[in-house]
Amino acid sequence: MKGDNFLFKNGKTMILAYDQGFEHGPIDFNIDNADPAYVFGLAQNGVFSAFAVQAGLAHHYRKDFSSVPLIVKLNGKTRYENNDPVSFQHTSVAYAKKIGAKAVGYTLYLGSSKEQEMLVEFGRICEEAHKLGLLSICWMYPRGPMVHDELSTETLAYGARVAMELGADVIKIKYNNDPEGLKWVVKCAGKAKIVIAGGSKSGDEAFLKMAAACINAGAAGLAVGRNIWQSNKPLIVSRALRKIIFEGASPEDAYRTAVEEDSGNKVK
Ligand code: FBP
């Protein structure tokens, strides 16, 4: 992937993820964020680079939020999994493009007993996506009977390497709180870009500190869900996150400035 595009500005990106209704169920939601229109609005007003959703959400809501670039997930599993996760493709690349996708996403469980099928499926998805001018994004989550430590740097780096060698343009991984380890993961991913998942909801300040640590270690950005749309100040956190990712601001300065801008907007 060369230079900037819809997803990257100066090599950096900020993605909002909202596939948790499928992966986890409405247990993640409250009365506001259960409504896709509310979260599409956050993607738009929080000025995210792109919004990652399942095909049905793109199909139902994209026309109301046409300025939000979409990443359409092509697979997904529910929370009714066992310890050997598998998630096969349910939507084609061509259909994703038809309903507005500029990139496609696929979760790959390296280490599952069905790993081989998922590797083949994602490799073919990369090929099709690139032929159609779309980016391919791998949610790389090593998990299953063969994986002893899902979050070790060795496991994360192996996952990143496999995804890059299959053709992923962007690889989404979890962060293990080891900035030095993340530098190694970024190295192993070569020209593919590493973005970091937000994880379950933490305090806004703790989340922003984690984000800054990842950016400083060489991550290209975040692909975050619950720490934005479960926050009671989602636009302030989104704007602070932008300052960290795109301007290299410290978490403290980013948050303070975002709060000041928000109160300035209210006075006007
Ligand atoms: P969060 O930022 O809310 O953690 O979302 C990141 C994400 O990758 C989602 O896109 C996905 O639904 C979820 O995590 C899957 O996580 P897990 O399989 O660990 O429950």
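**Reading the ligand site and selected residues**

Mentor: An oxygen atom of the ligand lies 2.9 Å from a polar backbone atom of G225. Such a pair is a polar contact (two N or O atoms within 3.5 Å; within protein, one must be able to donate a hydrogen and the other to accept it, and residues adjacent in sequence count only if both atoms are side-chain atoms). The model is predicted, so local features need pLDDT of at least 70 and side-chain atom pairs count only at pLDDT 80 or more, while totals for chains, interfaces and linings use all residues. Residues are numbered from 1 along each chain as its sequence is written, and side-chain values use heavy atoms, with hydrogens and water left out.

Trainee: Which atom of G198 lies 3.1 Å from an oxygen atom of the ligand, and how far is a polar side-chain atom of Y141 from a ligand oxygen?

Mentor: For G198, a backbone N or O atom is at 3.1 Å from a ligand oxygen. For Y141, a polar side-chain atom is 2.3 Å from an oxygen atom of the ligand. The ligand taken alone exposes 480 Å², and the protein buries 92% of that; these areas follow the Shrake-Rupley method with a 1.4 Å probe, and for residues only the protein chains shown count as cover.

Trainee: How many residues surround the ligand, and which are the closest?

Mentor: A residue is near a molecule if one of its heavy atoms lies within 4 Å of it. There are 16 residues around the ligand, and D19, H24, Y141, K174 and R226 are the closest. By class, the shell holds six charged, five polar and five nonpolar residues. Here Asp, Glu, Lys and Arg count as charged, Ala, Val, Leu, Ile, Met, Phe, Trp, Tyr, Cys and Pro as nonpolar, and the others, Gly among them, as polar.

Trainee: Turning to burial, is C126 buried or exposed, and where is its place?

Mentor: Buried means under 20% relative accessible area, exposed over 50%, and partly exposed in between (1.4 Å probe, protein chains only). C126 counts as buried because its relative accessibility is 2%. Its place is in helix α5, residues 115-131; helices (H or I, at least four residues) and strands (E, at least two) are DSSP runs, numbered from the N terminus. From C126 to G218, 92 residues away in sequence, the C-alpha distance is 24 Å.

Trainee: Where does T91 lie, and what is the relative accessible area of Y255?

Mentor: T91 lies in the loop between β3 (70-73) and α4 (93-98), and T91 is buried because its relative accessible area is 9%. Y255 is also buried, at 16%, and belongs to helix α11, residues 251-267.
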